[in-house]
Amino acid sequence: MIVQTTQKSKEQLREELLKPDVITGSEALLRSLLLEDVDCVFGYPGGAVLYIYDAMHGNPDFNHLLTRHEQGAIHAADGYARSTGKVGVCIATSGPGATNLVTGIATAYMDSVPLVVITGNVATTVIGTDAFQEADITGITMPITKHSYLVRDVRDLPRIIKEAFHIASTGRKGPVLIDIPKDVSNDASPFYYPEKVEIRGYNPTVQPNRLQVDRMLEAIAEAERPVILAGGGVVYSGAADELIKFVNATRIPVTTTLLGLGGFPSAHELWLGMPGMHGTHTANHALQNCDLLIGIGARFDDRVTMKVNGFAPKAKKIVHIDVDPAEIGKIVETAIPVVGDVKIVLEMANQKVKAGDTSAWVDWVKENKAKYPLTYKDSDTELKPQYVIEMLHETTNGEAIVTTDVGQHQMWSAQYYKFNKPRSWITSGGLGTMGFGFPSAIGAQVANPDRLVISINGDGGMQMCSQELAICAINKIPVKIVVINNQVLGMVRQWQEIIYDNRYSHIDLAGSPDFVKLAEAYGVKGLRATNKDEARTAWKEALDTPGPVLVEFVVRKHENVFPMVTQGSTIDQMIMGDSE
Amino acid sequence: MSYKHTISVLVNNQPGVLQRVSGLFGRRGFNIESITVGESEEKGLSRMVIVTTGDDKTLEQVSKQLYKLIDVIKVVDLSANPMVGRELALIKVNAEPSARPEILGVVETFRAAVVDIGPSSLIVQVVGDSEKIDAMTELLKPYGIKELSRTGVTAMIRGK
Ligand SMILES: Cc1ncc(C[n+]2csc(CCOP(=O)(O)OP(=O)(O)O)c2C)c(N)n1
């Protein structure tokens with residue numbers, strides 16, 4: 001596998017790294033990253049980071065994966081972070097290298113993913129002169145980073161790296177950018193790595209206010225129709241077990257947002273499915289009929305609430321648990337705010353929670369679930385995308401790490417691949433970034449060499465980062481790459497059909513490469529399936545083949561994602577679609 | 001209901017901190033009426049005073065979002081307390097010698113000062129709350145204002 005562990009023990013290595021030698025900024029950077037336990041960095045070299053790359057040369061302790069595009073590097077670092085909870089790291093050069101990271105930084109920012117993004121910059125002596133390959137990357141990324149640094153003095157570098165890791169991975173997580181001018185990476189100074197971080201003005205509240213937790217418990221004891229809306233925060237804080245305990249004790253039904261999938265087992269009888277635009281009938285109607293809504297690590301995104309006034313109209317109270325106080329009250333009026341780390345809040349709540357009488361409500365939920373399951377009209381002549389996802393789920397027992405790109409296939413994956421464990425579902429929620437799916441799978445696989453990683457993509461999005469096939473081939477990264485080929489920009493086609501009255505404008509992907517040949521051109525095995533039998537055979541072959549495999553499933557072009565709530569509607573005004 | 005709010009923000013004196021704060025306002029659709037920055041009582045920290053309008057909910061968001069910036073140490077809504085707010089303006093006004101006595105009358109009433117005299121103009125310096133400066137400019141308008149420069153409000157809570 002690609003991450004090699006050195007022969008040295010961790011302690012030996014630490015001791016070596018901490019020596020107060022006089023070293024360059026580049027060497028200090030590598031040492032600091034190793035001291036932060038980073039086991040693989042994704043990146044792409046260039047003039048402004050050549051000292052850094054030079055320091056990597058022959059360094060047996062430092063692992064770096066050369067992607068084929070900076071966007072591939074940052075999405076890979078993102079997938080690494082989402083699948084492990086550790087901080088993902090990527091490196092790019094100044095100017096075009098740095099700006100190629102922008103989409104990935106915004107993606108991580110929107111979904112609260114801890115990243116440390118390292119960019120080179122031109123020398124401090126020429127900063128501000130429009131020097132060759134200069135870009136004000138800290139300025140460009142200010143709105144999409146949790147924090148950023150422009151390092152002006154090599155002596156600050158270790159402290160800044162320590163701070164960056166701390167900021168990225170605590171409170172509400174997010175990307176932190178460190179911009180290192182070329183001369184700083186070459187300047188020398190004695191190495192000193194701080195043990196502690198002290199940043200005045202940065203003290204995320206992780207311990208909740210007990211009174212607010214008690215108020216929440218009182219509200220729960222009184223509620224007859226409570227619902228939990230669980231988001232990515234449950235996954236990120238590692239609170240999945242506490243949530244199950246909480247739900248078992250309170251008998252409150254749970255809906256998990258797109259980023260919350262896996263944060264609560266889909267096999268649980270009280271799971272309602274996903275809410276919102278492509279949510280389940282049960283989840284959306286439960287939200288509209290609940291008398292108490294408990295948001296846990298969920299930020300009430302407009303794809304979840306749809307028309308906000310009209311969202312959860314019968315909720316007498318809304319409880320909102322979040323580590324970011326700015327989320328509370330931002331979208332919905334909150335009666336009981338609980339600021340804190342979700343896991344700690346639930347632990348505290350679990351100590352003395354008393355259930356209300358939710359039995360009638362639970363019966364309603366179960367009936368609704370039985371009456372309105374997710375369905376689609378299957379076909380024996382055409383391959384249906386939903387069928388493909390169901391097959392992926394079935395044949396892997398729901399045990400794989402699944403990453404997706406953005407579009408219809410993403411929604412079908414969210415609907416038909418049932419997740420039972422946190423960190424097994426990786427998708428760009430907040431930004432909806434096409435091109436994210438495949439490289440993020442590479443990062444997830446690097447971090448989880450022993451797990452099965454499946455990357456599900458549309459034929460459109462696959463073409464946004466397909467160059468990273470090279471990485472899989474060369475490094476034998478055994479991602480199973482799925483392309484759901486409907487020959488169009490499917491999700492756009494769906495909107496144009498339903499909202500723009502069948503006026504199909506620029507969605508035809510004619511001219512796409514032969515995906516099987518594309519894979520083979522890079523040295524990755526390629527397979528194609530156009531009907532159910534072929535699908536099963538090809539997929540089995542993919543699973544049985546060690547190493548990376550791309551499987552293209554040619555599916556029905558006109559298939560739509562249902563249920564669907566159109567913009568301006570409340571979430572119970574659902575188009576249920578053409579099920580049978 | 002929208003009100004005018006005066007917020008004081010204590011920040012680390014880091015490069016880019018003004019950009020972070022003002023950028024946050026722009027990006028989140030919060031309005032800045034004025035912003036002043038200067039050193040604070042503590043070395044390494046600056047104080048920004050920002051005047052903004054919005055309802056209570058907006059103000060709460062503004063303050064929470066500001067706290068999310070790593071370089072922001074403290075945010076206080078000064079207007080929630082009895083406060084002193086002051087602004088300075090320099091007004092270059094047309095002043096032919098014949099008109100000067102009248103103008104000087106206005107200046108005196110407002111306890112403003114003339115800080116420069118040119119052949120056909122005066123620069124008037126006025127300090128006070130924004131309303132006072134508004135009133136002063138209104139009164140000087142008839143003479144012809146050639147240039148007006150205001151500092152924006154700086155403010156403090158009374159007493160304590
Ligand atoms: C970078 C980027 N550009 C454009 C979009 C808008 N967009 C959302 S879904 C979609 C269509 C995706 O088509 P495809 O990859 O074929 O997937 P499908 O919907 O067919 O499953 C587009 C263009 C986006 N989300 N991201």
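**Close-ups of a two-chain predicted model**

Read from one end of its sequence to the other, chain B runs β-α-β-β-α-β-β-α-β-β-α-β-β, where helices (H or I, at least four residues) and strands (E, at least two) are DSSP runs numbered from the N terminus. This is a predicted model, in which local features need pLDDT of at least 70, side-chain atom pairs count only at pLDDT 80 or more, and totals for chains, interfaces and linings use all residues. Residues are numbered from 1 along each chain as its sequence is written, chains are lettered from A and ligands numbered from 1 in the order in which they are written, and side-chain values use heavy atoms, with hydrogens and water left out.

**View 1. Chain B as a whole.** That pattern amounts to four helices and nine strands. The C-alpha trace of chain B spans about 55 × 35 × 35 Å along its principal axes. Of the 160 residues in chain B, 42% are buried; here buried means under 20% relative accessible area, exposed means over 50%, and partly exposed is in between (1.4 Å probe, protein chains only). UniProt lists "domain: ACT" (unreviewed entry) at residues 6-80 of chain B. UniProt positions are given in the numbering used here, feature names are shortened, and annotations may be inferred rather than shown by experiment. The span 6-80 of chain B is 32% helix and 39% strand, and its end C-alpha atoms lie 9 Å apart.

View 2. Start with B:Ala89, which sits in strand S5 of chain B. B:Ala89 is buried, at a relative accessible area of 0%. From B:Ala89 to B:Met48 it's 41 residues in sequence and 18 Å in space, C-alpha to C-alpha. Next comes B:Ala95, in the loop between strand S5 (83-94) and helix H3 (100-109) of chain B. B:Ala95 is also buried, with a relative accessible area of 0%. B:Ala95 and B:Ile32 are 63 residues apart in sequence, and their C-alpha atoms are 33 Å apart in space.

**View 3. The ligand and its shell.** There are 16 residues around the ligand, and A:Gln408, A:His409, A:Gly432, A:Gly461 and A:Gly490 come nearest; a residue is near a molecule or strand if one of its heavy atoms lies within 4 Å of it. Helices H18 (408-416) and H21 (490-498) of chain A each supply at least two residues of this shell. H21(A) gives the largest share, three residues. Sorted by class, the shell has six nonpolar, nine polar and one charged residues. In this sorting, Ala, Val, Leu, Ile, Met, Phe, Trp, Tyr, Cys and Pro count as nonpolar, Asp, Glu, Lys and Arg as charged, and the others, Gly among them, as polar.

**View 4. Atom pairs at the ligand.** A side-chain N or O atom of A:His409 is 2.8 Å from an oxygen atom of the ligand. On its own the ligand has 590 Å² of accessible area, and the protein covers 76% of it; accessible areas come from the Shrake-Rupley method with a 1.4 Å probe.

View 5. UniProt places "domain: Thiamine pyrophosphate enzyme TPP-binding" (unreviewed entry) at residues 405-553 of chain A. That span is 38% helix and 16% strand, with end C-alpha atoms 15 Å apart. For residues 213-347 of chain A, the UniProt feature is "domain: Thiamine pyrophosphate enzyme central" (unreviewed entry). Here the figures are 33% helix and 17% strand, and the end C-alpha atoms lie 11 Å apart.

**View 6. Helix H8 of chain A.** Ten of the 13 residues of H8(A) are buried, so this helix is largely enclosed by the rest of the structure. The buried residues include A:Leu157, A:Ile160, A:Phe165 and A:Ala168.

View 7. Most residues other than glycine have a negative phi, and most peptide bonds are trans. A:Gln133, though, has a positive phi near 60°, and A:Phe300 has one of about 55°. A:Gln133 is partly exposed, at 27% relative accessibility, while A:Phe300 is buried, at 3% relative accessible area. Finally, the peptide bond from A:Phe562 to A:Pro563 is cis, with omega near -5°.

How values were computed
A polar contact is a pair of N or O atoms within 3.5 Å; within protein, one must be able to donate a hydrogen and the other to accept it, and residues adjacent in sequence count only if both atoms are side-chain atoms.
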